[in-house]
Amino acid sequence: MLKIDLKKLKIEAQKSLKSAKNLKDLDGVFRSYFGKKGEITQAFNLIKDMSKEVRAKFGKDLNNLKRFIEKSIEGKKAIFTKVVPGKEWLDVTAPGKKLSLGHLHPLTVTIRKAIEIFQEMGFTVVEGPEIENEFYNFDALNVPPDHPARDLWDTFWLKDGKMLLRTHTSPVQIHYMEKNNPPLRIIAPGRVFRYEATDASHDVQFYHLEGLMVGKTISVANFIAIIQEFFSRFFGKEVKVRLRPSYFPFVEPGFEVDMSCLTCGGLGCSVCKKTGWLEIMGAGMVHPNVYNACAINSKEWQGFAFGIGLDRLAMMKYKINDIRLFYSGDLRFLEQF
Ligand code: PHE
């Protein structure tokens with residue numbers, strides 16, 4: 001069997017390391033020990049043919065030597081790569097490296113702005129669960145089981161057939177009114193889900209902002225004033241709103257709310273399909289059955305509720321033509337904001 005004298009190997013290694021003058025020499029030294037045919041590599045190959053008694057000691061010594069050579073190479077390398085003060089040349093006129101900083105998603109900016117405006121008008125922010133049961137999403141909102149109005153919302157049902165992904169943020173009204181007595185002034189922003197085919201203006205998830213204001217004398221006039229103020233502040237210009245009669249089971253009367261077109265100021269253009277108005281949200285006066293479901297006296301209290309689609313709002317503000325871009329994670333899109 002070939003014998004290897006590790007002591008001798010160590011002395012040789014020290015010699016060749018000493019004579020290495022630069023990084024290239026050092027690389028040569030490295031390869032002569034650790035390359036495919038390197039001395040250390042070959043020594044390791046011998047271990048398998050050794051007797052048990054010899055193997056243990058040899059293996060230990062070999063490992064020590066390996067570590068010793070590695071460390072010495074590292075040490076020399078550090079010396080060769082070290083910048084010598086005074087000899088180094090720094091171009092202070094070279095342009096700096098730009099740090100790539102992240103920023104908020106346009107939907108996050110929209111949600112925060114909406115919250116800020118409503119908070120300034122005295123609304124409290126409330127959150128509710130994204131997984132609901134039928135009672136909160138439908139029954140308590142005056143949509144009884146088997147009522148055709150349930151079909152107004154394409155629903156993702158969970159496996160048990162009782163729980164669902166909330167189709168709107170209106171259930172937060174119920175959670176809140178169960179625990180709090182009027183007068184009330186809340187908004188509930190959050191994610192909602194619809195089991196729908198997607199296109200440029202529909203996605204299976206999007207953001208709603210629910211509003212609820214209840215008092216002794218709260219009327220539609222209060223609603224118009226507040227929502228007009230909200231839109232004007234949000235878009236930074238005077239916005240008018242108009243109401244059209246509509247049906248939502250949890251309000252009576254119910255409205256579809258339009259705002260004057262931002263692009264043409266109400267004169268009529270391609271964005272508003274020449275009508276001067278843009279459909280923006282649903283609203284209405286809270287239905288007595290909703291108060292009843294929360295043990296609130298509907299003869300004593302009255303108020304309004306509304307639901308704004310935040311994605312639509314962001315699309316109008318930033319002139320985005322496809323809702324799916326928000327959830328695409330596409331940096332080419334996101335970096336424009
Ligand atoms: N929840 C309704 C929707 O899903 C919006 C709405 C909220 C309408 C409150 C009236 C009152 O579209």
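Is cysteine 269 buried or exposed? At a relative accessibility of 16%, cysteine 269 counts as buried. The model described here is a predicted one.

**Domains**

The protein chain falls into two parts: domain 1 covers residues 6–80, and domain 2 covers residues 106–334. Between the C-alpha centres of domain 1 and domain 2 the distance is 73 Å.

**Cysteines**

A disulfide is a covalent bond between the sulfur atoms of two cysteines. The structure has zero disulfides. For cysteine 261, the closest cysteine sulfur belongs to cysteine 264, and at 3.7 Å the two are too far apart for a bond, since a disulfide requires sulfur atoms within 2.5 Å. Cysteine 269 is likewise in no disulfide; its nearest cysteine sulfur is that of cysteine 264, 3.7 Å away. Cysteine 261 is buried, with 1% relative accessible area.

**Nonpolar cores**

The largest nonpolar core contains 39 residues. Within this core, the residues with the most contacts are Phe118, Phe230, Phe231, Met259 and Phe306. At least two core residues come from each of the following elements: helices H5 (106–120), H8 (220–235) and H10 (310–318), together with strands S5 (205–215), S7 (251–260), S8 (277–286) and S9 (302–309). Helix H8 gives the largest share, seven residues. Another core, of 28 residues, lies apart from this one and includes Leu141, Ile174, Val214 and Ala305.

Methionine 259 can be taken as an example from the largest core. Leaving aside residues up to four places away in sequence, methionine 259 touches Phe231, Phe235, Val239, Lys240, Val241, Gly276, Trp277, Leu278, Ile280 and Met316.

**Valine 109**

Which helix holds valine 109? Valine 109 sits in helix H5. Its relative accessible area is 33%, so valine 109 is classed as partly exposed. Apart from residues up to four places away in sequence, valine 109 is in contact with Leu104 and Tyr318. The C-alpha atom of valine 109 is 8.7 Å from that of alanine 314, although the two residues are 205 residues apart along the chain.

**Ligand surroundings**

There are 14 residues around the ligand, and those that come nearest are Trp153, His168, Ser170, Arg194 and Gly307.

| Residue | Ligand atom | Distance |
|---|---|---|
| Tryptophan 153 | oxygen | 3.0 Å |
| Serine 170 | nitrogen | 3.0 Å |
| Arginine 194 | oxygen | 3.0 Å |

For tryptophan 153 and serine 170, the side-chain atom concerned is an N or O atom.

**Histidine 175**

Histidine 175 belongs to helix H7, which spans residues 171–179. Which side chain is joined to that of histidine 175 by a polar contact of 2.9 Å? The partner is the side chain of glutamate 132. With a relative accessibility of 17%, histidine 175 counts as buried, because the buried class takes in residues under 20% relative accessible area.

Definitions and conventions:
Residues are numbered from 1 along each chain as its sequence is written. This is a predicted model: local features need pLDDT of at least 70, side-chain atom pairs count only at pLDDT 80 or more; totals for chains, interfaces and linings use all residues. Side-chain values use heavy atoms; hydrogens and water are left out. Domain bounds come from an automatic or database domain assignment. Buried means under 20% relative accessible area, exposed over 50%, partly exposed in between (1.4 Å probe, protein chains only). A nonpolar core is a set of buried Ala, Val, Leu, Ile, Met, Phe, Trp, Tyr and Cys residues joined through side-chain atoms within 4.5 Å. Helices (H or I, at least four residues) and strands (E, at least two) are DSSP runs, numbered from the N terminus. Contact means heavy atoms within 4.5 Å. A residue is near a molecule or strand if one of its heavy atoms lies within 4 Å of it. A polar contact is a pair of N or O atoms within 3.5 Å; within protein, one must be able to donate a hydrogen and the other to accept it, and residues adjacent in sequence count only if both atoms are side-chain atoms.
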